[in-house]
Amino acid sequence: MSYVSGRLYAGEKTGIAASAVQISTTTNNIREVLVQADPGNTTNMLIGNVDSQEVVLTPGQSVTIPIISLSLVYVKMASSTGTVNWLARD
């Protein structure tokens, strides 16, 4: 049995509005990130890259993305303001 070594990072970004923002400016080399639209959000969250955020997450829903840097993930709210939660591993 083999185990994945590395660290686990966790974060939260609040005050997300209708303009796309990075979930984190951290450029740690990571393997994957789990992104969750906070269950307390009142509207959907859109997730994607700097140019386009087309994937819809309903409040409480999450997605896991294989990616090398947290700074590549952008989110915005469909309306209102909200919070994104994330976990990443290297």
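This is a predicted model: local features need pLDDT of at least 70, side-chain atom pairs count only at pLDDT 80 or more; totals for chains, interfaces and linings use all residues.
1. Contact is taken here to mean heavy atoms within 4.5 Å.

2. Asn41 has its place in the loop between S3 and strand S4 (45-48). Because its relative accessibility is 9% and buried means under 20%, Asn41 counts as buried.

3. Turning to the sheet, four strands form an open arrangement in the order S1-S8-S3-S6, and their pairing is antiparallel. Strand S1 (8-16) and strand S6 (62-66) stand at the edges with a single partner strand each, so that one side of each is left without a neighbour in the sheet. From one strand to the next, the twist averages 20°.

4. The pairing of strand S3 (residues 32-37) with S6 can be followed residue by residue: five bridges join these antiparallel strands, and among the paired positions Val35 has Val63 as its bridge partner in S6.

5. Val35 also belongs to the largest nonpolar core, a set of 18 residues in which Ile23, Val33, Val35 and Met45 touch the most other members. Two or more residues of this core are given by each of S1, S3, S4, strand S7 (74-77) and strand S8 (82-89).

6. For Met45, the contacts, not counting residues up to four places away in sequence, are Ile16, Ala37, Val55, Val56, Leu57, Val75, Lys76, Met77, Thr83 and Val84.

Conventions:
Residues are numbered from 1 along each chain as its sequence is written. Side-chain values use heavy atoms; hydrogens and water are left out. Two strands pair if DSSP finds at least two bridges between them. Axes are lines fitted to C-alpha atoms, for helices over the stretch in contact, and angles run from 0 to 180 degrees between N-to-C directions. Buried means under 20% relative accessible area, exposed over 50%, partly exposed in between (1.4 Å probe, protein chains only). A nonpolar core is a set of buried Ala, Val, Leu, Ile, Met, Phe, Trp, Tyr and Cys residues joined through side-chain atoms within 4.5 Å.
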